[in-house]
Amino acid sequence: MKRKWDVVLLYDIPFWQVKKEGWMVKERKQSFKWGKYLIVIGIIILMFLFFQSVERKPLLADDHMVFVKAVVVQNDHEVQQAQASLDSGDTQEIVLKIKSGSHKGETVDAYSLNGYLYGADCKVGTKVIASLSEYDGELSANVYNYDRELEIGLLLAVFFGLMWLVGGKKGFNSIIALIFTFCVVIMLYIPMMYIGISPFASATVSVVIITFVTFVLIADFQMKSIGAMLGTIFGVIVSGLIALLFGHFGHVTGFNVDDIENLIYVGQNSRLDIGGMLFSGILIASLGAVMDVAMSVSTSLHEIKEQRPDITAKEIFKSGINIGRDMIGTMSNTLILSYAGGSLGLVMIIYAYSYQMHQILNMYSLAIEIMRGIAGTIGIILTVPITSLIMSVLLTRGGQKISTDKCKSVSYT
C-alpha cells in the first residue's frame, strides 16, 4: 500500500528524519510562518508592560517645563545679535511661534544661547525646539536646540528603504530585528538595571532574547541559525567575563567613567548597580560583531554540508576554523576601530598635550577603551571555534548525511 507524505514547509529546509518504519516527515504548518512575527509583537508588548510598570523617581523639580516645536518669526537685530553672539557668547532675543503642545499657535518672546551644545543661531524661519515654562499665566521660553526631527525621520526612511530594497524579504526582517533590538535595550535592559537586577544578568538576558529573535527573523529556525545563536551567546558572554577579569585585576570599575557624577545621583535614587554597568555594556556593544561572525561561519558550514553530504564532523570543524581566520582579522579591526573612533577626542587631547607613556597607559579612560576593544575582540576570536564545533555536531548528528536544502515541497510514495 502506497503512502504519500506531503511536506508543508515554513522554511527552505524540510525538517525530517529516518525511522525504522520508513520515511517519517514532520509537518510544519504554514500558519507558523507568520507565527514568528506574532511572537515578536507579543514579546514587545510584554516588555512595554514591564517598562510601564517600573516607577522612576523624579530627579528634576516639577516646574511644569515642556519642550515644544517652534519657529522663529521675528528677530529685529538678526545681523547684530548673530555677530555679537559669535564674539562674546551673548544670547539672542527673538520671537517664537509655537507649533505643538497646548500653546500651539501662540507667539512668545524667547532667548537663545549661542552655545556648542544648546541654543541655536536663530534667523527668521529657523525651526527650533523650545522649553516653555508658565508662571501666573505668563509664558517664558528658551531655545533648547535646532529642530532636527524631520532630518532624522528622512535619514531613517532612506536607511530602512535601502535595507528593504536591497535585502528584499530578509531586508524587511532585518528592519524588524533592528527595531526589536532597540526595544529590548530601552524597555528591558535599562529598566532591569534600574530596579536593581544585576547589570551582567540583565545584559545576558537581553543578549539571549535579541540573538534568538534576530536569527529566527533573518535565517529562520534552521540548523545554521541554531548554531549561530549558540556561538553568539557564548562569544558575547566570554567578552563580558574577560572584561570582568581585567576590571578586577586592573582596578577598573564602573565608577571610573566620565558621567559618574550623574550616575551616582541616579544610583542614589534607584537600585542601580553602577559598578556593573560598564561590564554589562560590553556584552551589548560586542553583540553585533559576534553575531556577524557566528552567522557567517554557520552559514558557510551549512552550505558545505549541502554540497558534501558525506563530510565528517572533523572536516566541518576544520573548515569552520579556516573560514573564521579571515573573519577574525576584519571583524577585530571593525570592533577596535569603532571604539577608537568613539574615543577620537581623547586621543587628540593625549596627542596635543604630549602625555607621557606611563601617564597614557594608566589613564582610567584609556584602560576602559582598551578593555572594551580587547574583550570584544577575544569574544569574536573564540566565537569561531565554538560555532564551528556546534555546527559540526548539529550537521552530523545521528550520522545524518542527507542534503535537505532548497526544497519547498516533497512527496514520498
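The chain contains 11 helices and nine strands. The model is a predicted one. Of the 413 residues in the chain, 40% are buried. Among contacts in the chain with a separation of 6 or more, 70% are between residues 24 or more positions apart.

Helix α1 is a place to start. This helix covers residues 35–53, 19 residues in total. From its first C-alpha to its last, α1 reaches 27 Å, close to the 27 Å expected at 1.5 Å a residue. The buried residues of α1 are G35, K36, Y37, V40 and M47. What covers them includes α3, residues 149–194, and α4, residues 199–219.

Is Q222 buried or exposed? Its relative accessibility is 8%, and buried means under 20%, so Q222 counts as buried. The side chain of Q222 reaches back to the backbone oxygen of A219, at 3.1 Å.

The next topic is a pair of helices. Two packed helices are described by the angle between their axes and the distance between the axes. For helix α7, residues 274–307, and helix α11, residues 364–395, the axes come within 8 Å and cross at roughly 30°. Angles under 35 degrees count as roughly parallel, and α7 is therefore roughly parallel to α11. The crossing in which α7 passes α11 is right-handed.

Terms used
Residues are numbered from 1 along each chain as its sequence is written. This is a predicted model: local features need pLDDT of at least 70, side-chain atom pairs count only at pLDDT 80 or more; totals for chains, interfaces and linings use all residues. Side-chain values use heavy atoms; hydrogens and water are left out. Helices (H or I, at least four residues) and strands (E, at least two) are DSSP runs, numbered from the N terminus. The expected span of a helix is 1.5 Å times one less than its number of residues. Buried means under 20% relative accessible area, exposed over 50%, partly exposed in between (1.4 Å probe, protein chains only). Contact means heavy atoms within 4.5 Å. A polar contact is a pair of N or O atoms within 3.5 Å; within protein, one must be able to donate a hydrogen and the other to accept it, and residues adjacent in sequence count only if both atoms are side-chain atoms. Axes are lines fitted to C-alpha atoms, for helices over the stretch in contact, and angles run from 0 to 180 degrees between N-to-C directions. Angles under 35 degrees count as roughly parallel, over 145 as roughly antiparallel, 65 to 115 as roughly perpendicular and the rest as oblique. A crossing is left-handed if the near helix is turned anticlockwise from the far one by less than a right angle, and right-handed if clockwise.
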